[in-house]
Amino acid sequence: MSNFRSLLIWQKSMALTTKIYFSTNNFPKEEIFGLTSQIRRSSISIPSNIAEGFGRESDKDFLRFLNISVGSLFEMQTQLEIAKNISYLKEDDFNKLYEDSREVERMLVSFIKKIKDRN
């Protein structure tokens, strides 16, 4: 792999982050510093930590950043569920985002296992 952009997991998480931004555009304006900001920040953290970890010197450091990405993903999934529960997200929109996030989750877990197994 030449750089982090070649990682499918980074590409998928970037696509998810883009979808999150579009989906939160219609949240109430009073949420701009609340739930909207929280969801966006946690989604941004996923590909950002994958990229940062890729640039580290060791697999141990890379794994640490990948695990931070997993934590941010779980945080984002929780926030999306809250948005659905309070009717900021329609059920259909939530389901699409959640399924995309589950795909990224499975990929991250698999990638972490692969790196651990090679050591």
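Predicted model: local features only at pLDDT ≥ 70, side-chain atom pairs only at ≥ 80, totals over all residues.
I take helices (H or I, at least four residues) and strands (E, at least two) as DSSP runs, numbered from the N terminus. By that rule I place Ser-69 in helix 3.

**Ground rules.** I number residues from 1 along each chain as its sequence is written, and side-chain values use heavy atoms, with hydrogens and water left out.

**Entry: the serines.** I started with Ser-69. Is Ser-69 buried or exposed? Ser-69 is buried, at a relative accessible area of 0%. My classes are buried under 20% relative accessible area, exposed over 50%, and partly exposed in between (1.4 Å probe, protein chains only). I then listed contacts, meaning heavy atoms within 4.5 Å. Leaving aside neighbours within four places in sequence, Ser-69 contacts Ser-45, Ile-46, Asn-49, Ile-50 and Leu-108.

Ser-45 came next. I find Ser-45 in helix 2. Its relative accessibility is 17%, and Ser-45 therefore counts as buried. Leaving aside neighbours within four places in sequence, Ser-45 is in contact with Ser-69 and Ser-72. What does the side chain of Ser-45 make with the side chain of Ser-72? The two side chains make a polar contact at 2.7 Å. For that term I require a pair of N or O atoms within 3.5 Å; within protein, one must be able to donate a hydrogen and the other to accept it, and residues adjacent in sequence count only if both atoms are side-chain atoms.

**Entry: the core.** I looked for nonpolar cores: sets of buried Ala, Val, Leu, Ile, Met, Phe, Trp, Tyr and Cys residues joined through side-chain atoms within 4.5 Å. The largest has 27 residues, and those with the most contacts inside it are Ile-39, Ile-50, Leu-66, Met-76, Leu-80 and Leu-108. Helix 1, helix 2, helix 3 and helix 4 each supply at least two residues of this core. Which helix gives the most to this core? Helix 3 does, with eight residues. In soluble globular proteins, nonpolar side chains tend to be buried together.

I checked Ile-39 in detail. Not counting residues up to four places away in sequence, Ile-39 touches Ile-20, Thr-24, Phe-27, Met-76, Gln-79, Leu-80 and Ala-83.

**Entry: aromatic rings.** I pair rings of Phe, Tyr and Trp (its six-membered ring) if their centres lie within 6.5 Å; planes under 30 degrees apart count as stacked, over 60 as edge-to-face and the rest as tilted. How many aromatic pairs does the whole structure hold? My search finds five.

Phe-27 and Tyr-88 form a tilted pair, 5.4 Å centre to centre with 50° between the planes. The pair links distant parts of the chain, 61 residues apart. Phe-27 is in the loop between helix 1 (8-24) and helix 2 (35-54), and Tyr-88 is in the loop between helix 3 (59-85) and helix 4 (91-117). Phe-27 is buried, at a relative accessible area of 3%. Tyr-88 is partly exposed, at 24%.

Phe-94 and Tyr-98 form a stacked pair, 5.5 Å centre to centre with 15° between the planes. They are four residues apart in helix 4, so about one helical turn separates them. Phe-94 is buried at 5% relative accessible area, whereas Tyr-98 is partly exposed at 30%.

I also noted a cluster: ring pairs link Phe-54, Phe-62 and Phe-111.

The charged end of Lys-84 sits over the ring of Phe-94, 4.9 Å from its centre. My test is NZ of Lys or CZ of Arg within 6 Å of the ring centre and within 35 degrees of the ring normal.

**Entry: helices 3 and 4.** I take the expected span of a helix as 1.5 Å times one less than its number of residues. Helix 3 has 27 residues and reaches 39 Å from its first C-alpha to its last, close to the 39 Å expected. Helix 4 has 27 residues and reaches 38 Å, close to the 39 Å expected.

Asn-85 lies in helix 3. Asn-85 counts as exposed, at 54% relative accessibility. Ser-87 follows helix 3, with a positive phi near 65°. I place Ser-87 in the loop between helix 3 and helix 4. Ser-87 is exposed, with a relative accessible area of 62%.

In helix 4, the buried residues include Phe-94, Leu-97, Ser-101, Val-104 and Glu-105. The buried residues of helix 4 pack against helix 1, helix 2 and helix 3.
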